[in-house]
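Me: I am new to this structure and would like to go through a few of its features. Please show it first.

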Amino acid sequence: MPKIEMCLKENIEHIRNTFHDTSDLIVRNLKSGCEGSLEMNIVYLDGIIDTDVIQDYVVKPLLEPFETEGLTESLIDQIIERIVESADVKTTTQYQELTNGIVQGSTVLLIDGFPEGIIIPSPKWAERSVEASIGERSVRGPQIGLTEKIKTNINLIRGSLKTPDLCVETVEIGTNSPTSVSILYIDGTVDNGILKEVKKRIHSLTVKYVLSERVVEEVLEGKPKTFFSRLRHSERIDGAVSSLFEGRVVVMVDGYPFAIIAPALFIDFIQAPDDYHISMGRFTSRIIRFIAFLLGIYLPAVYIALANFHKDDIPTKISKAIISDDEILPTFWEIAILLFLVRILVDVSFRLPQSAVILVSLIGTIVIGETAVTAKLIHPVSLIVIGITALSSFLGANRGLVGPDATLRIVFLLTANFFGFNGIIIGTTILMLYMVSLKSLGVPYLSPIIPFKMQELKDTFYREDLQRLTNSKHTYTKDGD
């Protein structure tokens with residue numbers, strides 16, 4: 001790594017070359033010291049620093065005459081300790097640290113004849129104001145959501161979690177464009193095995209840049225790859241704080257308004273913020289979400305199995321009502337086409353301008369609903385089945401269940417079409433064995449159900465009394481436990 005030279009002009013030339021003479025690189029010449037005997041430059045990128053701070057606390061003090069001889073400390077130390085009025089100042093002899101500081105919103109001070117640079121953090125990034133959480137809305141409880149700036153997020157978490165045991169470790173990921181990734185945990189509460197594994201996996205990540213937080217998620221999830229999410233996201237402050245108190249690790253990526261929570265177990269995805277802020281539904285809400293998850297997977301498959309293999313096993317009146325031969329398309333293709341059209345409608349609703357969503361929804365309702373039934377293309381019961389399936393899927397859409405729900409629905413749909421209920425039963429058995437084999441950072445995915453852990457059942461399909469729940473200690477079953 002090249003070091004800073006004694007010659008100021010060479011240092012400035014090197015920095016200009018590194019930044020390819022970009023027009024927003026500002027080099028300000030100063031004459032300072034007694035009778036302007038010192039020549040120095042301040043260097044920064046225009047637009048990403050607070051120029052008022054630099055003007056008032058760096059430039060003005062440096063332009064005031066000061067003695068450079070007869071002092072016990074070096075000139076650099078004198079400038080840092082007596083002149084520059086900044087709370088956070090550091091020095092370096094490496095060019096790489098200078099350039100990294102500049103791109104991260106710092107101002108660099110270089111002095112002719114000194115092979116050392118002073119880095120003064122002075123960022124002023126454009127960011128949106130703190131707003132209510134959109135993806136995880138709650139009737140009661142804290143409404144503040146995370147933002148894209150990692151320092152703002154840490155500030156918000158420290159505002160809710162007032163303890164000196166909260167630890168933050170920040171690393172820079174990306175060789176071409178470094179991105180800050182922070183690991184948050186509560187010392188004395190965190191599971192040390194999980195913390196060690198999280199650090200190991202993040203430090204093993206080697207990429208040129210972090211285009212998406214998914215890059216960090218993939219290395220944290222590890223192998224084998226699966227359609228089940230083994231990490232949880234939260235854009236709520238209370239979601240991140242409660243996870244920290246449970247001994248989990250929270251990872252934040254600068255530029256992304258979500259906290260990555262590890263480990264994540266299957267039972268976590270049927271929980272919601274409301275569960276901890278209202279008394280209603282502490283025994284039923286999570287069970288209803290779990291039933292909805294099952295409906296989203298199995299309902300189309302059960303309907304297909306009835307239509308193809310078990311039509312004669314149900315009463316004739318019911319059979320004629322829900323299954324008939326008047327439609328042009330076979331039942332399987334009715335369901336398959338409807339699922340495809342609903343998927344298109346969902347995708348269009350998220351991609352089009354908001355003003356066009358109502359029009360698209362209206363057209364989709366006409367095409368999928370009344371017209372298709374009137375033309376004898378689709379049985380009315382097929383529409384009901386798909387409607388219930390879609391609503392059930394939406395219930396877990398913001399909890400990480402979209403991937404498993406969509407994948408397993410197709411798998412069981414095909415299985416039921418060819419093998420009926422026998423295929424569904426065998427497929428479910430294989431699915432259970434597969435889920436038992438999954439682990440999130442060494443913790444069994446179905447824990448504390450499989451393996452069974454009685455003391456951890458207090459926050460699974462029901463919510464225990466909040467006082468007892470708050471004072472309890474969470475432990476995680478590891479490999480070999």
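Me: Which residues make the nonpolar surface patch of about 390 Å²?
Reply: The model is predicted. Residues count towards a patch with over 30% relative accessible area and no salt bridge. The nonpolar patch is made by I287, I291, L295, I384 and I388.

Me: Which helix supplies the largest share of the nonpolar patch?
Reply: Two helices, α9 (285–309) and α13 (380–395), each supply at least two residues of the patch. I384 lies in α13. The largest share is 3 residues, and the helix they come from is α9.

Me: Which residues are buried in helix α7?
Reply: Helix α7 spans residues 214–221. Buried means under 20% relative accessible area. The buried residues of α7 pack against β7 (179–186), α6 (192–203), β8 (232–234), β9 (249–253) and β10 (259–262). Those buried residues are V216, E217, V219, L220 and E221.

Me: Which residue takes a positive phi just after α7?
Reply: Helix α7 covers residues 214–221. Just after this helix, a positive phi of about 70° is taken by G222.

Me: Which element supplies the largest share of the lining of the second largest pocket?
Reply: About 1200 Å³ of space lies in this pocket. Its lining has 34 residues, and N100, Q104, W125, E172 and S180 lie nearest the centre. At least two lining residues each come from α4 (95–103), β5 (117–121), α5 (150–160), β6 (166–173) and β7. The largest share, 6 residues, comes from α4.

How values were computed
Residues numbered from 1 in each chain as written. Predicted model: local features only at pLDDT ≥ 70, side-chain atom pairs only at ≥ 80, totals over all residues. Heavy atoms only, no water. Patch = residues over 30% accessible without salt bridge, like charges linked within 9 Å, V, L, I, M, F, W, Y side chains within 5 Å. Areas by Shrake-Rupley, 256 points an atom, 1.4 Å probe, with all protein chains shown as cover. Salt bridge = Lys/Arg side-chain N within 4 Å of Asp/Glu carboxyl O. Helix = DSSP H or I, 4+ residues; strand = E, 2+ residues; numbered from the N terminus. Buried < 20%, exposed > 50% of the residue type's maximum accessible area, 1.4 Å probe, protein only. Contact = heavy atoms within 4.5 Å. 1 Å grid on protein atoms, 1.4 Å probe; cavity = no way out; pocket = protein on both sides within 12 Å on 5 of 7 lines; lining within 4 Å. Points joined across faces, edges and corners; volume = space filled by probe spheres on them.
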